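Here are some notes to read alongside the structure.

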Amino acid sequence: MVTHTSFIPRYAVILLFGVVGLGLLAPVARREARKASVWQETTCVIEDVTVSTWKDSDGDTRHKTTVTFSYLQDGARRTASEENPSAAGSHTEAAQKLPKGTTAPCAYDPDEPGEATIDPGKVPWGLFLSCLIPLAWLVFGLMGMMAFRSRPGFDADALPVELPRRLDPATALAMPMGLTGFGLLFGAAWNGSMAWMLHGAPAALPCMALHLGAGGYLLWEQARPMLQRRKLGDTVVECSAQALSLGETITVKVVQLGRGDIEELSAEIVCEEIARYREGTTDRTERHTALALPLGSLLHERVTPEAPLVLRGSARIPRDAVPTFRGAHNEIAWSVRVKVNVASAPDRLDTYPLSVQARRAS
Amino acid sequence: MTLLAPRMEFGADGGRFPAGEPARGVIELPPHPPVASASAYAQWYTEGKGTPEEGPEIPAEVAPAGQGPGGAQRFSFEVPLPLTPFSYDGTIVKIRWRLVVRVAYPGHLPVTHPYHFTVVAPPDRGATPYRA
């Protein structure tokens, strides 16, 4: 039985957020879009404007402007009311902007008698942009699920442990960058729609373009490594044990999934010295490979989803080697290092941590 | 009064002790002045490029061990060594071990003296190779 490390639950949660978010926002956005495109514009008569005032639980004074208006639909006069329409302005100016008995442009839903608005013809850009956020979650959730989908049957001669891949700095940065991207897209949606409503498109567009550009760039930066990895497929590393003792022989199986022409697939056991120190205000990390034990390599091979490329190799951890050591600033780290050179994509160098102990636990 | 540093006799050849086993030896002090108390601890520490760090103090059992030549005051010590880390002389990371001896004389503040030793791999007790 192979212990698979799976990221699927994390991506499933992102996907779920996307589905729920779109489920909530999309119907509202669709309704608002229909208002702008399908609803019939007409002229209505202002029947009444009321401003109610109350104090909320914090003691702050709140106002609500309700405009009641009538309009002709299919020869029949109908009455509708709307709360806080932007046509009425603030509560202090509502009575002046929409005096009782005057006419104003409005629109009604031809399919839903009684559904009408005194703010006709406004495309809800803010709502559309807000939909980008759950849409992005949906896309990333789906991409993640696809990247870590169930693997083809290469488990016939599986080794007991599947090693988790160590996150490289670029991958580790992807999540905060992605979150910042989401934040900027949200900023574009929120600030842009507010600016659009209050000051019109010329004021809103530069702000939205700036946010959308920066947010889109950061999201792309997050998606790019995932897409590059997706292009070839995942690399699975299984081994006889994740915790080894000095003098022990380790057997490693590297399975390259996906599709592509591989120039070289090689694996080795490495012992690295890692030193961390601070220089001025910058934290620095230096690495030095102290020992490398080759496990084997494959040259000029083709990998397909039906026939993953499999590399098996064994190496003996020397008796006089140094075991894993993890201090706060100094480290001796053992790992399986896998290098994949592909003609049409950037080379990959992935690290799968191991633990080497002084003595096998009895 | 000049206080001479103790002389250290590690029990192992060249001060090389297997990890996971006790490090033993003798601390020899001049006959005068008489020692009020002697204690010791073992500790690993790092050198190299990384920010230096040191491990916990592992107390040693120190006991009087009679008199040496010329009336020297002798103390035996024994300290249990952990399985890791080993002494390691790498390129950018170096791990060292030291035994710090603390001697107190009447009327004086205690003085400490570090002595370096080496922790090596424990004896091979037959690592089990993996068989698929």
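1. In this predicted model, strand E7 of chain B, residues 73-80, runs antiparallel to E6(B), and five bridges join the two. One place to look is Glu61(B), whose bridge partner in E7(B) is Glu78(B). As background, strands of a sheet pair through backbone hydrogen bonds, either parallel or antiparallel.

2. The pairing belongs to an open sheet of four strands in chain B, with the order E1-E3-E7-E6 and antiparallel pairing. Which strands are at the edges? They are strand E1 (7-10) and strand E6 (61-67) of chain B, each of which pairs on one side only. From one strand to the next, the twist averages 25°.

3. Next comes the contact with the other chain. Chain A contributes 33 residues to it and chain B contributes 26 residues. Together the two chains bury about 2400 Å², and 61% of this area is on carbon and sulfur atoms.

4. How many salt bridges cross the interface of chain B and chain A? There is one. Its side chains can be found at Lys49(B) and Glu286(A), with an N to O distance of 2.9 Å. Between chain B and chain A, 13 residue pairs are in polar contact, counting pairs with both residues at pLDDT 80 or more.

5. On the side of chain B that touches chain A, the elements giving two or more residues are strand E4 (37-48) and strand E9 (93-104) of chain B. Sorted by class, that side of chain B has 15 nonpolar, seven polar and four charged residues.

Note on methods
Residues are numbered from 1 along each chain as its sequence is written. Chains are lettered from A and ligands numbered from 1 in the order in which they are written. This is a predicted model: local features need pLDDT of at least 70, side-chain atom pairs count only at pLDDT 80 or more; totals for chains, interfaces and linings use all residues. Side-chain values use heavy atoms; hydrogens and water are left out. Contact means heavy atoms within 4.5 Å. Buried area is the accessible area (1.4 Å probe) that two parts lose on being put together, summed over both. A salt bridge is a side-chain nitrogen of Lys or Arg within 4 Å of a carboxyl oxygen of Asp or Glu. A polar contact is a pair of N or O atoms within 3.5 Å; within protein, one must be able to donate a hydrogen and the other to accept it, and residues adjacent in sequence count only if both atoms are side-chain atoms. Ala, Val, Leu, Ile, Met, Phe, Trp, Tyr, Cys and Pro count as nonpolar, Asp, Glu, Lys and Arg as charged, and the others, Gly among them, as polar. Two strands pair if DSSP finds at least two bridges between them. Axes are lines fitted to C-alpha atoms, for helices over the stretch in contact, and angles run from 0 to 180 degrees between N-to-C directions.
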